[in-house]
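Here is a protein model to question. Each answer sets a value against its definition.

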Amino acid sequence: MRKKTSTADNIYLLSAFVVMAILYYSSSMSYQEQTVQPILNQWLENEPFRGLLERMAFMYAGSEVSIEATGYVGFLEFFLRKGAHFISYFFLGLFWYLGLRNRVDNPYLTVLLAVMLSIGYASFDELRQSFHPNRTALMEDVILDTAGAVTGVISGLLSTKPRRRRSRVKA
């Protein structure tokens with residue numbers, strides 16, 4: 001039996017579209033337009049935590065990510081940018097789930113739709129970036145976006161009350 005949709009359900013769907021519009025806009029900007037390195041240089045000129053962070057090094061999309069390879073501010077900006085990916089898609093997955101949960105009869109299908117819509121948009125977004133001269137499309141970003149969306153859907157699933165089943169009274 002389909003549950004009744006509410007104004008909140010519509011607001012959640014609208015919120016998903018707002019997140020997608022923000023992602024579309026930010027993906028249309030070049031790296032130079034988005035960089036926060038000048039601000040980070042100003043705020044973190046003394047390089048706090050350098051001693052702790054300079055031991056970290058790993059590969060992402062075939063490139064080394066470390067203070068040695070990208071500089072202190074570049075290293076921090078990498079985490080800010082990837083954190084923004086994760087958080088954006090967390091909210092996209094969450095809003096899709098919350099907006100669809102009362103529209104779709106099967107809860108498993110609701111979860112699947114919310115995740116697939118988020119993954120589809122992440123893939124579309126990276127494809128668009130491949131046509132932008134100053135952007136790079138990365139499969140690793142789609143995977144990161146997917147992790148954020150799945151986390152958002154799971155959060156929505158865990159935060160909503162389960163449907164109570166009517167218990168049969170034995171006569």
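Q: What makes Ala61 count as buried, partly exposed or exposed?
A: Its relative accessibility is 30%. Buried means under 20% relative accessible area, exposed over 50%, and partly exposed in between (1.4 Å probe, protein chains only). So Ala61 counts as partly exposed at 30%. This is a predicted model, where local features need pLDDT of at least 70, side-chain atom pairs count only at pLDDT 80 or more, and totals for chains, interfaces and linings use all residues. Residues are numbered from 1 along each chain as its sequence is written, and side-chain values use heavy atoms, with hydrogens and water left out.

Q: How many helices and strands does the protein have, and in what order do they run?
A: There are seven helices and two strands. From the N terminus on, the order is α-α-α-α-β-β-α-α-α.

Q: Why is the protein called more spread out than a compact globule?
A: The radius of gyration, taken over C-alpha atoms, is set against a globule rule of 2.2 Å times the number of residues to the power 0.38. For 171 residues the rule gives 16 Å, but the protein has 20 Å, well over that, so it is more spread out than a compact globule. Along its principal axes, the C-alpha trace spans about 75 × 35 × 30 Å. Buried residues make up 35% of the 171 residues.

Q: What makes Tyr60 and Phe78 an edge-to-face pair?
A: Rings of Phe, Tyr and Trp (its six-membered ring) pair if their centres lie within 6.5 Å; planes under 30 degrees apart count as stacked, over 60 as edge-to-face and the rest as tilted. Tyr60 and Phe78 are 5.2 Å apart centre to centre, with 75° between the planes, and form an edge-to-face pair. Tyr60 lies in strand S1 (residues 57–60) and Phe78 in helix H5 (residues 67–100), so the pair ties together parts that are 18 residues apart in sequence. Tyr60 and Phe78 are both buried.

Q: Why is the pair of Phe90 and Phe91 called edge-to-face?
A: Their ring centres are 5.3 Å apart and their planes stand at 90°, so the pair is edge-to-face. Phe90 counts as buried at 17% relative accessibility. Phe91 has a relative accessible area of 37%, so Phe91 is partly exposed.

Q: How many aromatic pairs does the structure hold, and which residues form one aromatic cluster?
A: The structure holds ten pairs. Phe58, Tyr60, Phe75, Phe78 and Phe79 form one cluster.

Q: What does Phe86 touch?
A: Contact means heavy atoms within 4.5 Å. Not counting residues up to four places away in sequence, Phe86 touches Leu144, Ala147, Gly148 and Thr151. Phe86 is found in helix H5. Its relative accessible area is 28%, so Phe86 is partly exposed.

Terms used
Helices (H or I, at least four residues) and strands (E, at least two) are DSSP runs, numbered from the N terminus.
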